[in-house]
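Subject: Structure for you to look at

Hello,

Here is the structure I said I would pass on. Please open it first, then read the notes below it.

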Amino acid sequence: MVTATRPDPVETPDTAFFWAGAARGELVGLACADCGDLSHPPRPMCPRCHSTRRVERRLSGRGRVLTWIFPRHPAPIGFGEAPIVALIDLDEGIRLVSNLVDVEAGALLAGMPVEVTFAPTAGGKAVPVFRPVR
Amino acid sequence: MAGRETAIAGIGQTEFSKRSGRSELQLAAEAVKAACDDAGIAPEEIDGLITFTLDPSDEIGLIRCLGIRDLAFTTRIPGGGAASVATIAQASAAVASGAAELVVCWRAMNERSQYRFGQPQAGGMFAPGSGTSSLLWCMPFGAQTPGSWAALRSRPYMDAFGVTNRDLGRLSVVQRAYAAKNPAAWFFEKPITLEDHQASRWVVEPVLRLLDCCQESDGGVALLVTTVERAKRLRQPPARIVAATQSIPFDVEVISNYYHGDLTVMPEAEGTAARLWRQSGLGPQHIQAAMLYDAFTPQVLMQLEAFGFAKRGEAKDFIAAGELELGGRLPVNTHGGLLGEAYIHGMNSIAEGVRQVRGASTNQAKGVEHVLVSCAMAGAILGRV
């Protein structure tokens with residue numbers, strides 16, 4: 001069994017739900033219980049109607065690649081080989097920083113459809129990452 | 001702007017190095033003293049102090065070094081380097097309103113010998129007020145440095161307009177040519193060629209090579225703001241603050257700036273530009289030189305477009321045509337910038353803007369009436385009195 005080395009996410013009162021979801025294998029966002037607005041990064045007040053009634057919303061986990069990079073130097077801490085760092089535009093209209101996995105660098109395309117999967121972290125948590133839709 | 005007219009009356013700096021050999025407070029005190037000497041005022045008279053939330057020195061420490069008698073105004077500004085030109089905007093507002101008479105803006109750090117912003121998880125980068133959510137949303141994905149955040153934010157712009165790393169290299173060459181003629185620059189007498197740039201290692205592929213990145217530096221810079229009336233009686237020609245503002249649009253953040261929708265534009269620089277033009281009645285055609293925040297080369301291209309010096313997507317052509325060089329349409333970062341002179345978090349670029357207004361730059365532009373200094377989230381137009 002390979003030991004995970006990826007850094008654990010930093011959890012705050014307003015973001016712990018996101019990582020708890022990832023640990024369950026679910027991608028969740030935070031939506032407004034009153035107007036339905038979904039925003040990321042998550043926040044304790046709806047920027048549209050100012051309600052503080054927030055609800056977790058299970059997301060489809062599907063989206064498209066906006067762009068990607070390869071951090072070369074200094075080498076990222078906790079990664080064996082350089083990760084592919086990407087911006088993912090989710091179908092629900094929010095954008096995440098994540099990684100692309102199970103894909104060759106040469107096969108990457110902007111706009112490529114991707115789906116969520118989960119990668120373990122050093123401390124036994126998980127983060128959502130994305131792979132091409134098969 | 002309402003109230004009294006304001007000016008930068010003094011600039012001061014330490015040497016720029018990779019190992020200062022003294023404390024950050026000492027660097028700050030030396031830079032402030034140098035700014036006071038430049039203007040010809042006694043440090044005891046300072047009644048306002050402004051710095052970055054990230055600056056490690058304490059106001060009380062500076063007061064004790066400089067013998068400041070009675071401070072009337074202090075504030076600290078968030079947003080990392082976005083605070084740089086914002087210090088001038090807030091100093092100007094404080095003086096214009098009468099809240100203070102002589103405000104010093106400072107930034108001093110051993111940002112190479114004591115800690116390194118360019119390395120993963122550098123100390124202080126994530127303190128409240130840093131303006132970036134990268135600690136929460138980038139670190140576990142291996143985007144752990146300002147370079148990686150900036151590259152991810154810049155690539156959609158580059159791809160949309162066919163901007164290549166080689167195009168970015170042309171900017172780096174121009175700035176290093178300026179630095180090569182600036183004795184204060186770390187890269188004095190060390191120009192580079194485009195081939196040097198292209199041979200430098202990838203920091204973040206395919207966006208940033210080593211020579212697209214600012215330095216990590218030890219050093220301090222201070223700027224003294226007072227009224228135009230007072231400045232006229234001091235030692236140096238005043239650099240009038242014709243206009244100054246901040247702009248932090250909705251869902252924009254510092255460097256890890258992914259959440260505002262269209263990443264082919266820079267909304268914070270567009271907001272700054274709109275307010276500066278509105279405040280001053282000027283436009284890009286009235287600016288003869290510009291100091292544009294260059295932590296990483298793509299930021300300069302996007303600012304050139306946001307301020308209207310180049311059309312959208314055409315900054316690369318503007319640079320390739322030589323327009324940023326002396327004799328070109330808009331000399332930019334004539335001290336060498338944060339790439340070539342030093343990375344004092346943008347404050348050294350404001351000092352160079354003042355030198356251009358005074359006619360005192362080692363790379364002096366011709367016919368300077370107005371200089372733009374911008375860190376995208378803040379900007380100022382400096383002019384002759």
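**Helices around α10 of chain B**

In this predicted model, L168(B), L171(B) and S172(B) of α6(B) are in contact with T297(B), P298(B) and V300(B) of α10(B). Sorted by class, the residues of this contact are four nonpolar and two polar, with no charged ones. Helix α6 of chain B covers residues 165-180 and helix α10 of chain B covers residues 297-306; they pack at an angle of about 90°, and their axes are 9 Å apart. An angle from 65 to 115 degrees counts as roughly perpendicular, and α6(B) and α10(B) are therefore roughly perpendicular to each other.

On the α5(B) side the residues are A150(B), S154(B), Y157(B) and M158(B), and they meet P298(B), Q299(B) and M302(B) of α10(B). This contact has five nonpolar residues, two polar ones and no charged ones.

**Where the chains meet**

How many residues does each chain bring to the contact? Chain B brings 28 residues and chain A brings 29 residues. On the side of chain B that touches chain A, the elements giving two or more residues are α4 (134-137), α5 and β5 (202-205) of chain B. Of these, α5(B) gives the most, with six residues. By class, that side of chain B has 18 nonpolar, six polar and four charged residues.

Strands also pair across the two chains: β4 of chain A (residues 62-71) and β5(B) run in the antiparallel sense, joined over two bridges. One bridge puts F70(A) with E205(B) of β5(B).

**The sheet of chain B**

Chain B has an open sheet of nine strands with mixed pairing, in the order β3-β2-β4-β7-β1-β8-β11-β10-β9. Which strands stand at the edges? They are β3 (73-77) and β9 (289-292) of chain B; each has a single partner strand, so one side of each is left without a neighbour in the sheet. From one strand to the next, the twist averages 25°.

Within this sheet, β2 (residues 48-52) and β4 (residues 103-110) of chain B pair in the parallel sense over three bridges. In that pairing, L49(B) is opposite V104(B) of β4(B).

Regards

Conventions. Residues numbered from 1 in each chain as written. Chains lettered and ligands numbered in written order. Predicted model: local features only at pLDDT ≥ 70, side-chain atom pairs only at ≥ 80, totals over all residues. Axes fitted to C-alpha atoms, helices over the stretch in contact; angles between N-to-C directions. Helix = DSSP H or I, 4+ residues; strand = E, 2+ residues; numbered from the N terminus. Parallel < 35°, antiparallel > 145°, perpendicular 65-115°, else oblique. Contact = placed C-beta atoms within 7 Å. Nonpolar A, V, L, I, M, F, W, Y, C, P; charged D, E, K, R; others polar. Pairing = 2+ DSSP bridges.
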